[in-house]
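Biologist: I would like to go through the charged pairs and the backbone angles of a model. Please give the general idea each time, then the case at hand.

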Amino acid sequence: MKHWKILIAAPLAAFAVNFSFAGAVNSGVPKGWTANGALATHYESGLDASQGSKEQPAFFMAAKEGMTNDDFAAITQVVDASAYRGKTMHFTASARHMGELGGYEFWIRTIDDKGGISISSSWARKSDTWEAIRVRLLVPANATKLELGVALKDKGKLFVKGMNFSDVQASTPAPESKPHIANKITMGPVATTIQNLNFSE
């Protein structure tokens, strides 16, 4: 009799353990964000409460087996730039990149009424600890669209949390860095407002 109890108890215990871990991770792209690049094919993504909190989980992107070099995955959101014209906008976050290869990029990008593009991006590689990310851009007076973006290039796994987008007082804009991924993405449709920066939805 005891033998049968052990056989029954073992799978039940395993189920309980799997269930508790499964509850911490939800697959997919967060509300308000758009998938870009090979996110749907060569990468997995989702929200991980174990890297943040239940109320504000961390978002992750991770390369799958079989992905090729120069692949990338990204999430973006685009809004009407009218409210930000002439302002220096500050995009900050915490990021953690695991894996020997690849890197990650955060950016602010605008397009104006003549098709001109302004961009400020931050590119980094492996960071087993959480790193502070800061991107700053003076939005042109004739900007029509504004995009926020986060991308993972090549291999590895990227965690992101604690995003903020706000107006800052600055006498000069931060120098632009050469974007690795941002200019490979076509700006998507315009939303009403920037949303879900803390991945709570």
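**Salt bridges and positive phi**

Modeller: Lys 153 is buried, with a relative accessible area of 13%. This is a predicted model, and that residue is a place to begin.

Biologist: With which residue does Lys 153 meet in a salt bridge?

Modeller: The general idea comes before the case. Side chains of opposite charge can pair when their charged atoms come close. Here the side chain of Lys 153 meets that of Asp 154, with 3.4 Å from N to O. Asp 154 is buried as well, at a relative accessible area of 16%.

Biologist: Why does Asp 154 count as buried?

Modeller: The cut-off for buried is under 20% relative accessible area. Asp 154 has 16%, so Asp 154 counts as buried.

Biologist: How many salt bridges does the count come to?

Modeller: The count comes to 4 salt bridges. Among them is the pair of Lys 31 and Glu 201, whose closest N and O atoms are 3.2 Å apart.

Biologist: Are Lys 31 and Glu 201 buried, exposed or partly exposed?

Modeller: Lys 31 is partly exposed, at 48% relative accessibility. Glu 201 is also partly exposed, at 47%.

Biologist: Which residue forms a salt bridge with Asp 113?

Modeller: Lys 114 does, and the closest N and O atoms of the two are 4.0 Å apart. Asp 113 counts as exposed at 52% relative accessibility, where the cut-off for exposed is over 50%. Lys 114 is exposed too, with a relative accessible area of 74%.

Biologist: What is the phi of Asn 196, and where does Asn 196 lie?

Modeller: Asn 196 has a phi near 55°, again a positive value in a residue other than glycine. Asn 196 lies in the segment after β11. Asn 196 is buried, with a relative accessible area of 6%.

Notes: Residues numbered from 1 in each chain as written. Predicted model: local features only at pLDDT ≥ 70, side-chain atom pairs only at ≥ 80, totals over all residues. Heavy atoms only, no water. Buried < 20%, exposed > 50% of the residue type's maximum accessible area, 1.4 Å probe, protein only. Helix = DSSP H or I, 4+ residues; strand = E, 2+ residues; numbered from the N terminus.
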